[in-house]
Amino acid sequence: MQLEIDALLKNGTWDLVTPPSDRNIITNKWVLTKKFDAHGVLLRLKARLVARGFSQVQGIDFNDTFAPTLKVVPLRLIFAISDGLNLELHHLDIETTFLHGDLNEDIYMEQPPYFIDPKHPYDVCKLKKSLYGLKQSPRMWHLKLHTYLESIGFTRLQAEPNLYIRKEGNVFVILGVYVHNLPIASNSISAMKKTIAQLKEKFPVKDLGPMEYCLGIKITRNRTEGFLSRFRQNPDITHWQALKRILRYLQHTKDMVLTYHSFQVPNSSHLHGYLHAPLHGWSDLDWGGILIPLDRHQEWCSCSLKVL
């Protein structure tokens, strides 16, 4: 908890002021968690000060709260392109993510439990930075990061607001954003290092190295054989019957993985142009067994993928 308080104070998260009589004072609490790696090994214990957002008043303490989140499909697309074009793929992590967002509203909060200033025990914290638990914190962080990425030359995709790309000639960098998790892929290791250095100038960024685990997805990459495979951890199912069914399914498919193969295209180091990688869609619809009673899997689409 002391480390968390030190980080908050260093970041200039609040000022102690006399509580105003006409404003809502929100509460807070400490949340203690454990952080594990991809193999379930305990990495560290984490204490986080969280504002109780349910005590905020709409129109006074917050207005807009929406913040987009990277979906799983674009994340898989990053994996597929990385393998298909043999790109470098790393995993970046930004520490104390929500504490970097700037607030537009005046928000007052009680002093943290166990860390009340003995010289000013009745003062409250006037927040200058967003805090975990505030309803607008995800939005403020997203706007802060988006503004900075645009300032260093990244362009956001229209179809996916949390997917960015920067191109300099034939060199490109693809960056995904899922709160504090940033998968980054590039056809140039120097361009990737440049991007990481630029992010470190603004935020406390950790380069976790080649991606091995992200958002519950374990990643195994074998460049000698040219594939990138992914599989999820076992889900937590509450219903016993569903649990047994899933366990049976896992037992019979435990050796199966989703595999991406490299595809050979002209100028394969370039992201521009046509990538003649087959794009297939499948459906288990068989029209009641009338058309193909023996094979329920039907291909409904096959085309080339064009990357603009």
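**Figure 1. Surroundings of leucine 131 in the predicted model****.** Leucine 131 is in contact with Leu8, Thr13, Leu49, Ala51, Phe98, Leu99, Met109 and Ser137, with residues up to four places away in sequence left out of the list. The model shown here, as in every other view, is predicted. Leu131 also belongs to the largest nonpolar core, which comprises 40 residues. Together with Trp14, Met109, Leu134 and Leu149, Leu131 touches the most other members of that core. Helix α3, residues 137-151, supplies the largest share of this core, namely 5 residues. A second core, separate and made up of 17 residues, has Ile78, Leu87, Leu89 and Ile165 among its members. In soluble globular proteins, nonpolar side chains tend to be buried together.

**Figure 2. The salt bridge between lysine 46 and glutamate 4****.** The side chains of these two residues meet with an N to O distance of 3.7 Å. Lysine 46 belongs to strand β4 (residues 42-51) and glutamate 4 to helix α1 (residues 2-10), so that the pair links distant parts of the chain, 42 residues apart. Glutamate 4 has a relative accessibility of 5% and therefore counts as buried, because the cut-off for that class is under 20%. Lysine 46, with a relative accessible area of 22%, is partly exposed.

**Figure 3. The salt bridge between lysine 128 and aspartate 15****.** The closest N and O atoms of the pair are 3.6 Å apart. Here strand β7 (residues 124-129), which holds lysine 128, is linked to strand β1 (residues 14-17), which holds aspartate 15; the two residues are 113 residues apart and lie in distant parts of the chain. Both partners are partly exposed: lysine 128 has a relative accessible area of 42%, and aspartate 15 has a relative accessibility of 37%.

**Figure 4. The salt bridge between aspartate 61 and arginine 23****.** An N to O distance of 4.0 Å separates the two side chains where they meet. Each residue lies in a loop: aspartate 61 in the one between β4 and α2 (72-84), and arginine 23 in the one between β1 and β2 (25-26). The pair links distant parts of the chain, 38 residues apart. Aspartate 61 is buried, with a relative accessible area of 0%, whereas arginine 23 is partly exposed at 23%.

**Figure 5. A salt-bridge network of Asp102, Lys129 and Lys144****.** These three residues are linked to one another through a network of salt bridges. The structure holds 7 salt bridges. Side chains of opposite charge can pair when their charged atoms come close.

**Figure 6. A nonpolar surface patch around tyrosine 114****.** Met1, Leu32 and Tyr114 form this patch, and their accessible area together is about 400 Å². Tyrosine 114 is located in the loop between β6 (102-109) and β7. With a relative accessibility of 70%, tyrosine 114 counts as exposed. The accessible surface of the chain comes to about 18600 Å², and carbon and sulfur atoms account for 55% of that area.

**Figure 7. Overview of the chain for orientation****.** The chain has 5 helices and 18 strands. Of its 308 residues, 39% are buried. Among contacts between residues at least 6 apart in sequence, 66% join residues at least 24 apart.

Key. Residues numbered from 1 in each chain as written. Predicted model: local features only at pLDDT ≥ 70, side-chain atom pairs only at ≥ 80, totals over all residues. Heavy atoms only, no water. Core = buried A, V, L, I, M, F, W, Y, C linked by side-chain atoms within 4.5 Å. Buried < 20%, exposed > 50% of the residue type's maximum accessible area, 1.4 Å probe, protein only. Helix = DSSP H or I, 4+ residues; strand = E, 2+ residues; numbered from the N terminus. Contact = heavy atoms within 4.5 Å. Areas by Shrake-Rupley, 256 points an atom, 1.4 Å probe, with all protein chains shown as cover. Patch = residues over 30% accessible without salt bridge, like charges linked within 9 Å, V, L, I, M, F, W, Y side chains within 5 Å.
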